[in-house]
Amino acid sequence: MLKKGFSILSQGSALRDRKKLRVAAAGLVALFVGMTAFGTVQQSENPPIDPQTVVEELALSFGEMAPADQADEVYWREERFVRGDTFTSFLARLGINAKDASTLVRRNGGAQFFRSIGPGMSAQAETNADGDLYLLRLFTTQDRVVGLKRQGDEFVEFEEQIPLTRSVHMATGAISSSLFASTDAAGLPDSIATQVAEIFSGEIDFHRDLRRGDRFAVVYEMYYHGGQPIRSGRVLAAEFVNNGRVYRATWYEDSTGRGSYYTPEGKSLRKAFLRSPLEFSRVTSAFSMRFHPILKQWRQHKGVDYAAPAGTRIRATADGVVEFVGQKNGYGNTVILRHPNGITTLYAHMKGFASGIRRGARVEQGQTIGYVGATGWATGPHLHYEFHVNGVHRNPLKVTMPSSNPIPASEMRAFQEQVRPYLAHLDFLRDVRVASID
Ligand SMILES: [Zn+2]
């Protein structure tokens with residue numbers, strides 16, 4: 001019972017690394033300290049949450065599975081489905097082993113879970129250390145959970161109604177070694193850390209720009225059932241101080257229910273180009289930190305190199321049209337995209353191309369166009385990325401990127417009213433002393 005509670009509460013941190021639950025327990029304490037120190041900002045309709053209560057109320061009526069062997073460690077993972085994901089790649093990211101993943105796709109591919117999952121949605125998996133799946137689930141709406149659970153060698157579908165209550169949390173931390181090391185220390189679920197990276201993806205290249213001493217603060221939703229955190233929700237506001245520069249973002253939903261992230265002044269954070277062509281994840285982030293450029297000998301090196309495990313998704317940094325796809329001498333497997341305003345981007349050394357990527361095809365920003373490899377002139381798996389304006393090479397990290405539409409003047413008052421409390425939380429966090437997390 002207690003073990004299960006730990007596993008869920010710590011889903012964002014140590015468990016993702018498949019460490020022992022003893023380690024996770026330390027993370028749990030950190031989370032509670034965090035909640036106590038920063039307070040839990042409650043929506044008015046929900047009663048405040050007492051961290052002690054969270055520890056006591058561990059029973060889950062729905063989808064609960066005792067592991068086959070009580071001695072087994074239990075791991076929870078939460079991941080977001082992204083554009084370009086296949087069921088197989090998504091299940092692998094959830095920590096499910098190839099055998100169970102293949103059984104699921106083959107026999108249960110038509111299940112409600114797979115019919116429901118789509119880009120931007122998060123799902124959770126409970127496995128043992130070997131990646132044997134016990135339970136897979138997804139909240140289709142705030143109150144409805146669909147999933148599959150193990151029964152012997154098979155998986156059976158379930159679908160249930162469970163009322164979730166929403167509460168708003170805050171966390172802050174400083175970067176010591178990597179974003180995830182810091183978000184782990186702050187008790188943040190991975191899906192929240194990834195959202196923060198996505199929100200600022202037009203401003204900050206999280207693979208290359210992070211500096212020791214950078215800071216983040218985040219205000220986000222968590223959903224509870226019976227006092228127990230069930231899943232994370234949306235980031236409502238975030239601040240990132242990168243190399244001394246302060247970036248702030250706040251979520252705003254207009255009267256038609258369409259939402260997006262803006263600066264406190266109402267400028268859109270959606271940029272025409274992403275800073276990084278590489279998907280950001282726990283794996284790629286750790287990989288980048290260890291990277292030492294290997295192509296110094298390439299004299300006229302006119303690009304930016306990103307080390308990443310072979311197979312990591314490469315995404316189009318902007319909307320565009322495929323101008324070239326194929327082999328290109330030292331570049332190996334290469335894609336060139338043409339964008340508006342005379343801009344082209346080039347992606348080299350790919351292991352392979354995503355399906356549908358052929359000359360003349362339209363691609364959207366963030367769409368997967370291929371996978372990291374070591375083809376052509378490369379001594380290890382990495383992505384070589386170039387950015388050209390009217391045929392002239394430019395450093396993509398130095399170019400100012402145009403933004404999408406700001407909040408119209410007529411909506412400014414509504415905007416300010418909605419985001420004021422979020423920004424107040426960020427102000428509060430700024431005053432919280434950040435403990436060293438080395
Ligand atoms: Zn290069």
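**Strand pairing, helix packing and cores in the predicted model**

In strand β9, F240 has Y247 as its bridge partner. Strands here are DSSP runs of E with at least two residues, helices are runs of H or I with at least four residues, and both are numbered from the N terminus. Two strands are taken to pair if DSSP finds at least two bridges between them. The structure is a predicted model, in which local features need pLDDT of at least 70 and side-chain atom pairs count only at pLDDT 80 or more, while totals for chains, interfaces and linings use all residues. Residue numbers start from 1 along each chain as its sequence is written.

The protein chain contains 10 helices and 20 strands. Of its 438 residues, 41% are buried; a residue is buried if 20 or more other C-beta atoms lie within 10 Å of its own, exposed if 12 or fewer do, and partly exposed in between, with C-beta atoms placed from the backbone. Contacts are defined by C-beta atoms, placed from the backbone, that lie within 7 Å. Among contacts between residues at least 6 apart in sequence, 65% join residues at least 24 apart.

Strands β8 and β9 are part of an open sheet of 5 strands, with the order β6-β7-β8-β9-β10 and antiparallel pairing. At its edges are β6 (165-174) and β10 (259-262), each of which pairs on one side only. From one strand to the next, the twist averages 25°; axes are lines fitted to C-alpha atoms, for helices over the stretch in contact, and angles between N-to-C directions run from 0 to 180 degrees.

Helix α8 lies across β7 (215-225), β8, β9 and β10, and runs at about 35° to β8. Helix α10 (residues 412-430) also packs on the sheet, where it touches β6, β7, β8 and β9 and makes an angle of about 140° with the direction of β9. Helix α8 (residues 190-199) is mostly covered, with 10 of its 10 residues buried. Among them are I192, A193, V196 and I199.

The largest nonpolar core has 67 residues, of which V196, V218, V235, A238, V335 and Y347 touch the most other members. Such a core is a set of buried Ala, Val, Leu, Ile, Met, Phe, Trp, Tyr and Cys residues joined through C-beta atoms within 7 Å. This core lies between domain 2 (165-273 + 406-430) and domain 3 (282-287 + 302-394), because both give residues to it; the domain bounds come from an automatic or database domain assignment. Beyond its neighbours within four places in sequence, V218 is in contact with A171, L188, I192, V196, V235 and A238. A second, separate core of 19 residues includes V82, L104, Y134 and L148.

Strand β19 (residues 382-389) is mostly covered, with 6 of its 8 residues buried. Strand β11 (residues 304-307) runs antiparallel to β19 and is joined to it by 4 bridges, with Y306 opposite L383. Strand β15 (residues 343-350) is likewise antiparallel to β19, through 6 bridges, and I343 stands opposite V389. A further 3 bridges join β19 to the antiparallel strand β20 (residues 392-394), in which V392 is the bridge partner of V389. The hairpin of β19 and β20 has 2 residues between the strands, and N390 takes a positive phi near 50° there.

Key:
Two residues are in contact if their C-beta atoms, placed from the backbone, lie within 7 Å.
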